[in-house]
Structures are given as C-alpha cells and as structure tokens.
Amino acid sequence: MRGKFITFEGIDGAGKSSHVEWLAELLRQKGLVVRVTREPGGTELGEKLRELLLHSSMHLETETLLMFAARREHLAKVIEPALARGEWVVCDRFSDATYAYQGGGRGLDRAKFQQLEHWVHGHLQPDLTLLFDLPLDVARERIVLASRVLDRFEQERADFHERVRQAYLERAHSAPSRMRVIDAQQSIEDIRKLLEKIVSSICL
Ligand code: TYD
C-alpha cells in the first residue's frame, strides 16, 4: 500500500521544525517506516540549491524556479519512491511555502505558481498539511531569542511576513480537508496532543 505524505508549514519562528521529528517518532512507534525530509533541500542537489536560495540574492522568478527545480528532484529521488514503497514521508515545507513566500510575500503572479505546481506535481498533493500559525510579533521574538545568523527570508521586514502569514491562511481556507491550522501559541504538550489526534483521524 502507498504511504502517506505529511507536510509542515508556517511563518519563520512558528516552531514547526521541533514537531517534525516528534511526529515521525510517534508514527514509527505505530510500526510505520517514516522518512523525514525538508525543502528546499532533501537531496544532495537540493541542499546545494538551498544554500543558494537562503543566502544569495536573485530575481523572484529565478527564486521560484529554483524552489520548484529542487522540488522536482526531491519528488523524483526521494518522495515518490518512498511513498511507492509504502513508507510515510514527513516533509518540513513543500509547495504551500512557495505559494505563501514567493506568492504572498514577494507578489509572484498566482497563475505562474499554478503552472509550476501543475507541471512539477500535478498528480500529487500532501495527504495532510499542518500549518503552524501565530501572531507575527510572537514569531519574531522566537527568532530573535534563537540568536543565530538569519537567512534571506528571516531578514525580510514585518510586512513581508504578515503577507506570508495571510497567504498561508488563505490557502488553508481553500483546501480545508488537506490543511489543518494549528495555533502555535499553545504549549508544546497541547500541540502534540492535537497533532496525534489529527494524524490518527486522517491518516491511520
Ligand atoms: P525553514 O524551514 O524555515 O528552515 P530553518 O528552519 O532551517 O530556518 O526554510 C527556509 C526558508 O525557505 C524559509 O524562510 C521559507 C523559505 N521557503 C520559501 O521561501 N519558499 C519555498 O518554497 C520553501 C520550501 C521555503
């Protein structure tokens, strides 16, 4: 039987990444084979593209094409073969991030996004997307507290991140059966309880 594809999304500082490994472990305890991966990245080539995307300045359409180029490689080499083997794939960001960051944040034409999405994975959408949502000021505080070198996206102004947040929420509104909005201000414990409930009801 084909495996399930679960993605995690949210603005920078939403805290999603700490839940990715936890969910994978929970699924493994249920006897599933789980592959954890991320975007941009997930393959040797994709990780090289990630370096460029996070640290080199470029035209918006170049940025979008590189995100989808890395994604095509990731789908072909990692995601599709794993799902076909019956493994579950848990991925930190996927195309909803391009919709929100390049579309919402930077203003990429939605029709161009749709064409690329259709071309790269018209046949495949995640079975479940967990969108971590929280107010911008709380997210910014978490990033500042982490006190590490910020990438090109994290360095963007507050209005950029607000547009990203709104685009994510709009996308979730248009795909309610696939995307679940998680209030990321809850305690880690409450978030984990909720994730377990959602994943069990949808996928197990
Ligand atoms: P992120 O998951 O935030 O990495 P980390 O947890 O190590 O900071 O992803 C890196 C950045 O890439 C993030 O700011 C969002 C951005 N991004 C896009 O702009 N478009 C995309 O399609 C993807 C996948 C990511």
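Modeller: Gly107, which follows helix H4, has a positive phi, near 85°. Let's step back from there into the helix. Please keep in mind that this is a predicted model.

Buried here means under 20% relative accessible area. Among the buried residues of H4 are Ser95, Asp96 and Thr98, the tyrosines Tyr99 and Tyr101, and Gly103, Gly104 and Gly105.

What do the buried residues of H4 pack against? Their partners include three strands, E1 (5-10), E4 (128-133) and E5 (179-183). Helices H3, H5 (110-121) and H7 (158-174) are partners as well.

Some of these partners lead us to the largest nonpolar core, which has 56 residues. Ile6, Phe8, Leu130 and Phe132 touch the most other members of that core. Helix H3 (residues 60-84) gives the most to this core, with seven residues.

One more neighbourhood is worth a visit, that of Glu39. Glu39 lies in the loop between strand E2 (34-38) and helix H2 (44-55). Because its relative accessible area is 5%, Glu39 counts as buried. Its side chain makes a polar contact of 2.8 Å with the side chain of His74. Glu39 also touches Arg50, Arg71, Arg93 and Phe94, among others.

Definitions and conventions:
Residues numbered from 1 in each chain as written. Predicted model: local features only at pLDDT ≥ 70, side-chain atom pairs only at ≥ 80, totals over all residues. Heavy atoms only, no water. Core = buried A, V, L, I, M, F, W, Y, C linked by side-chain atoms within 4.5 Å. Buried < 20%, exposed > 50% of the residue type's maximum accessible area, 1.4 Å probe, protein only. Helix = DSSP H or I, 4+ residues; strand = E, 2+ residues; numbered from the N terminus. Polar contact = N/O pair within 3.5 Å; in protein donor to acceptor, adjacent residues only side chain to side chain. Contact = heavy atoms within 4.5 Å. Lists of a residue's contacts leave out its neighbours within four places in sequence.
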